Amino acid sequence: MILNLQRISIWLAMLLPFYVGAQSSVRIDRMRCEYLLNPEGIDERLPRLSWVLQANDPKAFGQRQRAYRIMVAESEKALTDGIAAAWDSGWINSDQTNQIQYRGKALESDRTYFWKVCVKDENQKISAWSKVAHWSTGLFNRQDWTAKWIGTGDLKDQKNQDAKNLPDPWFRKTFDLKKKPVRAMIFVASVGYHNLYVNGEKVGNGVLAPSVSDHSKRARYVAYDISAQLKSGSNTVALWLGTSWSLFSSYRTSDKPLAPIVIAQADIYDSNQPGAMPYLRIQTDKSWKTAPSPNSLIGRWETGQMGGELWEADKENKKWNLSEYEVSDWKQALEYQPRLMLTAQMVEPNRLARHLKPVSIETRADGVYRVDMGMNFAGWTKIKLSGEPGQRIDMLFSEREGQDMTFNIRNACILGKDGKGTFENRFNYSSGRWITIKGLKEKPKLSDIEGWVVTTAYESAATFSSSDSLQNWIYEKTRWNFENLSLGGYVVDCPQRERLGYGGDAHATSETGMFNYQLGAFYTSWMEDWRDVQGTKSMDELNYGGHADEGILPHTAPTYQGGGGPAWGGIVVVLPWLMYQQEGDERVLEKNFNLIKKWLAFLDSHTKDNLMQRFGGPWDFLGDWLWPNATAEGMNNDKPENICFNNAYRVYNLRTAAKIARVLKHEEDAKQWENQADAAAKAIQAKYFNPSDESYADGSMGNLAVALLAEIPPPPLREAVMKRLEKEILVNRKGHIHAGITGGALLFKLLRNEGRDDLIYSMTSQTSYPGWGYMKANGATSLWEMWEKDLAGHSMLHSSFLYPGAWYINGMSGIRKETESKGFKEFVVRPPLLKAAQLTWSKAGYESNVGTIKTEWRREKGQLFLKVVVPPNSSATIYFPAEDASKIKCSSSWAKAVGTKNGYSLFKVPAGAYTFSGKESI
């Protein structure tokens, strides 16, 4: 009887949330672990869990979370039965929904953990339980790995551009199972890309795995669940490696070959019960067999020589990864002992995203076929080919209509004995709009050619449209470029020439990225790369990655190479702070605090009389970069305007770092950096300020913007300096932008902060040189590296000028953060002060860390109508551009007028949907 009562009480406890859930105002959605949806094989011992709330009644108001309860178990059934052996948080009185750290029993390697959550709403009513989500753990300790690194023993002749002498190798292992396993997770790390196959089936839909990392120090493993592909009887696990990053000179070390290598390990379980032991381990070692594949790299995987792939159709073998295929003529793999950290890939895989079909095929007089894909893109192609048996067909990629090939990007196919072959990418990607096909005897069909953008598989976070077609075009192209450039877990500067992860270019892309995509995992991973490369030189051309001052940073991560300046390394201060503001992520501040501290100490070592002195070689002290006509004017490393820019940027770094230190309660560091910033600001003001026209150094937009962001002008002068910047834009430059990558990014950030949407609109609405409209007028399908169209050697798909992408959400749509609070629990909606002749309507949605924020405003017959959706568990301050609140109508009494500011009437609103209307003051 007692046992039955216990069972009844358990069932009542389980059913209660479902019963009261129907009365709760909210339900749970978008559950994530470490920013990822049901991640596999993560090696975070204290993972963080997050969710957002959805309103059960979209017409209701004030929905909030007052408490939450998380349950974690090692089986889904246990959770269903109400048993949380790993962790039951109990009821926690908190409105927190993000970055909640797991606090249960110690996690074990190679296990799956299931979790669910319910909450109490604003009336203490309990929601229904969420759906069950999960994460699985990787291998926490190096001793967990018993597998060996393996390779072929073959090396590439780097002088041979054709690269047929080093095919992308196949590896395989066959074994028997008595029965189909219940659980089998394989962990695969490779230097170079890899594909995994089990019994002939490719596992996972990711491509170009793993994410790029510093292979002089680290290899990231990817976890694959292969239980569905394994069967009783004979099984074959196979790996296909792509040469790619294994050849990159910055990653060359004496402990591994200049060729692809791999390590893989899987434990096979016949039980999912907690504590179950594996009955078989599959691991790479010298017993694996290897053979060359029909695929090989073209090029050297260095700047300007990324090349492409060569496919030899006559060597195609569709049975190579099946158990029944005879491999007696394959050779044994060789074992290696590289000194590499093995850590989990904690970012989404690459994926094939937007699908492209050609728009036309031109037949040229020389017998060559010219394919127009309609868009300049970075990704994969699949092309069906036919001709003479054994004939080589070359496919050259170009960004420019007048050139057959740009940046040596090309692919090739040697046709089979039947005169046919299908080329498709596997371990490289191409970039361009036009494909010149040489060697074909007959014109291909449009249906024979396909393309796909390759990008990291993060989720979109925003939508935007407006009455201005040029602004819509710029928004679409900033997103297009970002998606084409953010592959491999970091942002490449360009996908054809360099593929480097520049810190300066990160300034131009990171806020655009954060306001348009879910990038928490992406930027967390990239910051790990920056920690890896610290303390190593960048521009010593004979020794990339050579050891130097422990605080120094190369200008790119994880790639080392390339030029830059203080604003390139300074991204390690700015990016964590942006993540904290956007996501409420304190851990990213903690993990990177020593990186920040050492970086600022490095800058201190090059400072005299509170001013930073020029350091490094000719490419190590860039300030702004690629402003209009920059190539003609030169890098200006040693000019006063460049010294001024970099010194002001150092102050911006110091002030940002002090805010980080305050959050982490490192008070002494905060005080030190604040004092240094103040002293440096006074020195800059004394040396570079021009009192005759309230400018700095050369009076450029970049110098004015960074000085204002860094709070260089004394408070009485700030308004005058802002007026000088306004004059520079509207009068001196006739409304055009005159800044480059770093200067432009800082300029747009400043103007967004100041609410100067009018100045941003002026620069983005110009159709003559220089500007985004000039690119559109000249037929661009992607945004260029430089403002100029016809300069040879520059990329037409680049990260340089993506910074307007943040403004469309953060400015034109009005979704803003006025405070430095964590995430968007409290936010602002402030329509821009633009005239009706400029813009009549705008509509946007943003998936913030508290849920979906929506804004829509339009002008009709002299009236402004503003619609706002505030997600549950958040509140907003609405800025309506009219000073008399009594004349502003609102659809709900939940909106409370709280005063006026800068021509706006302010209203405080809790969660809910609102419509405001009235006559504008502007």
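Which residues of α15 are buried? In the predicted model, the buried residues of this helix are Asp757, Leu759, Ile760, Tyr761, Ser762, Met763 and Thr764. Seven of the eight residues of α15 (residues 757-764) are thus buried, so the helix is largely enclosed by the rest of the structure. Its buried residues pack against α3, α12 (701-709), α13 (715-732), α14 (741-754), α16 (772-777) and α17. The loop between α15 and α16 contains Pro770, and the peptide bond from Tyr769 to Pro770 is cis, with omega near -5°.

Confidence in the prediction was examined next. The protein chain has an average pLDDT of 94, and 95% of the residues score at least 70. Over residues 16-20 the pLDDT is below 50, and this stretch has six contacts in the model beyond near neighbours in sequence. The pLDDT is also below 50 over residues 540-546, for which 11 contacts beyond near neighbours in sequence are found in the model. Where pLDDT is low, the predicted coordinates should not be read in detail.

The largest nonpolar core comprises 205 residues, of which Leu385, Ile437, Trp530, Leu725, Ile737, Leu747 and Phe916 touch the most other members. Helix α10 (residues 640-663) makes the greatest contribution to this core, with 13 residues. A second, separate core consists of 41 residues, among them Tyr68, Ile100, Trp135 and Met346. With neighbours within four places in sequence left aside, the contacts of Phe916 include Leu864, Phe865, Leu866, Ile878 and Phe880. Ile888, Lys889, Cys890, Ala895, Phe907 and Val909 are also in contact with Phe916.

Six strands form an open sheet in the order β30-β37-β38-β39-β44-β41, and the pairing is antiparallel. Its edge strands, β30 (462-466) and β41 (889-890), each pair on one side only. Helix α17 (residues 804-812) packs on this sheet and touches β30, β37 (841-848) and β38 (851-860); the direction of the helix makes about 80° with that of β30.

On the α3 side, the contact is made by Gln471, Ile474, Tyr475 and Thr478. Pro804, Gly805, Trp807, Tyr808, Ile809 and Met812 make the contact on the α17 side.

A further open sheet consists of four strands in the order β4-β3-β6-β7, with antiparallel pairing. Strands β4 (87-88) and β7 (133-136) stand at its edges with a single partner strand each, so one side of each is left without a neighbour in the sheet. Four bridges link β7 to β6 (residues 112-121) in the antiparallel sense, and Trp115 stands opposite Ala133 of β7.

Strand β2 (residues 48-55) has seven of its eight residues buried, so it is largely enclosed by the rest of the structure. With β1 (residues 26-33), strand β2 pairs in the antiparallel sense over six bridges; Asp29 stands opposite Val52 of β2. Strand β2 is also joined to β5 (residues 100-101) by two bridges, again in an antiparallel arrangement. The bridge partner of Leu49 in β5 is Ile100, a residue included in the second core.

Strand β9 (residues 167-177) likewise has two antiparallel partners: five bridges join it to β17 (residues 289-298), and eight join it to β14 (residues 233-242). Trp170 has Ala291 as its bridge partner in β17, whereas Asp176 stands opposite Ser234 in β14.

Several backbone features occur in loops. Ser244, in the loop between β14 and β15 (261-269), has phi near 35°, a positive value in a residue other than glycine. At 1% relative accessibility, Ser244 counts as buried. Lys734 likewise has a positive phi, of about 50°, although it is not a glycine. This lysine is found in the loop between α13 and α14, and Lys734 is exposed, with a relative accessible area of 64%. The peptide bond from Ala557 to Pro558 is cis, with omega near 5°; Pro558 has its place in the loop between α5 (520-533) and α6 (566-569).

Methods: Residues numbered from 1 in each chain as written. Predicted model: local features only at pLDDT ≥ 70, side-chain atom pairs only at ≥ 80, totals over all residues. Heavy atoms only, no water. Core = buried A, V, L, I, M, F, W, Y, C linked by side-chain atoms within 4.5 Å. Buried < 20%, exposed > 50% of the residue type's maximum accessible area, 1.4 Å probe, protein only. Contact = heavy atoms within 4.5 Å. Pairing = 2+ DSSP bridges. Axes fitted to C-alpha atoms, helices over the stretch in contact; angles between N-to-C directions. pLDDT = per-residue confidence, 0-100.
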